[in-house]
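Here are some notes for a colleague who is opening this structure for the first time. They are meant to be read beside the model, point by point.

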Amino acid sequence: QVQLVESGGGSVQAGGSLRLSCVASGFTFSTYTMYWFRQAPGKEREFVADISWTGAITNYTDSVKGRFTITRDNAKKTVYLQMNSLKPEDTAVYYCNARKDTSYGTMDYWGKGTLVTVAS
């Protein structure tokens, strides 16, 4: 059974830091590109960051560049999102996503999310 379980969310003051974790099971984690998305109240879900299966390539949405860092540990089947200098506009539910294109189609798995609240 495929599972992605996020943790590490919580409440923090502006300027603070949090580290999110997402533990995967039920699929070959090391062959998937991993993503973090977020959804703020009343808004669409948006891309935050991604990391290639080797960890060599990362991408970020402009609003988090220089503040957030995505990493992965394939041995632990875990992807992380280190979030520094948090702002109130970072408040959202953060979701972990695993994705791989295969000859059968795109494999696409989601976690249930973890809430991050940043107070001003």
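1. Rings of Phe, Tyr and Trp (its six-membered ring) are taken to pair if their centres lie within 6.5 Å, and planes under 30 degrees apart count as stacked, over 60 as edge-to-face and the rest as tilted.

2. Before going further, please keep in mind that this is a predicted model, in which local features need pLDDT of at least 70 and side-chain atom pairs count only at pLDDT 80 or more, whereas totals for chains, interfaces and linings use all residues. Residues are numbered from 1 along each chain as its sequence is written, and side-chain values use heavy atoms, with hydrogens and water left out.

3. The structure holds seven aromatic pairs. One of them joins Phe27 and Tyr109, whose rings are tilted, at 5.1 Å centre to centre and with 45 degrees between the planes. Phe27 belongs to the loop between strand E3 (18-25) and strand E4 (33-39), while Tyr109 belongs to strand E10 (residues 105-110), so this pair ties together parts that are 82 residues apart in sequence. Strands (E, at least two residues) and helices (H or I, at least four) are DSSP runs, numbered from the N terminus. Both Phe27 and Tyr109 are buried, where buried means under 20% relative accessible area, exposed means over 50%, and partly exposed lies in between (1.4 Å probe, protein chains only).

4. Phe37 and Phe47 form an edge-to-face pair, at 6.0 Å centre to centre and with 80 degrees between the planes. Since Phe37 lies in strand E4 and Phe47 in strand E5 (residues 46-51), the pair ties together parts that are ten residues apart in sequence. Phe37 counts as buried because its relative accessibility is 12%, whereas Phe47, with a relative accessible area of 25%, is partly exposed.

5. Arg45 lies over the face of Trp110, at 4.7 Å from the ring centre, and the charged end of Arg72 sits over the ring of Phe29, 4.5 Å from its centre. A charge is said to sit over a ring if NZ of Lys or CZ of Arg is within 6 Å of the ring centre and within 35 degrees of the ring normal.

6. Turning to the strands, there is an open sheet of four strands in the order E1-E3-E8-E7, with antiparallel pairing. Its edge strands are E1 (3-7) and E7 (68-73), each of which pairs on one side only, and the twist averages 15 degrees from one strand to the next.

7. Thr71 has Tyr80 as its bridge partner in E8, Thr69 stands opposite Gln82 in E8, and Val23 stands opposite Thr78 in E8. Five of the six residues of E8 are buried, so this strand is largely enclosed by the rest of the structure.

8. E7 and E8 form a hairpin with four residues between them, and Lys77 in the turn has a positive phi of about 55 degrees. Lys77 is partly exposed, with a relative accessible area of 37%. Ser85, in the loop between E8 and E9, has a positive phi of about 50 degrees although it is not a glycine, and at 40% relative accessibility Ser85 counts as partly exposed.

9. Thr91 is found in the loop between E8 and strand E9 (92-102), and at 18% relative accessibility it counts as buried. A polar atom of the Thr91 side chain lies 2.9 Å from the backbone oxygen of Pro88, and the side chain of Thr91 also reaches the backbone nitrogen of Val118 at 2.9 Å. Such a polar contact is a pair of N or O atoms within 3.5 Å; within protein, one must be able to donate a hydrogen and the other to accept it, and residues adjacent in sequence count only if both atoms are side-chain atoms. Not counting residues up to four places away in sequence, Thr91 touches Ala40, Pro41, Val116, Thr117 and Val118, where contact means heavy atoms within 4.5 Å.

Technical notes:
Pairing = 2+ DSSP bridges. Axes fitted to C-alpha atoms, helices over the stretch in contact; angles between N-to-C directions.
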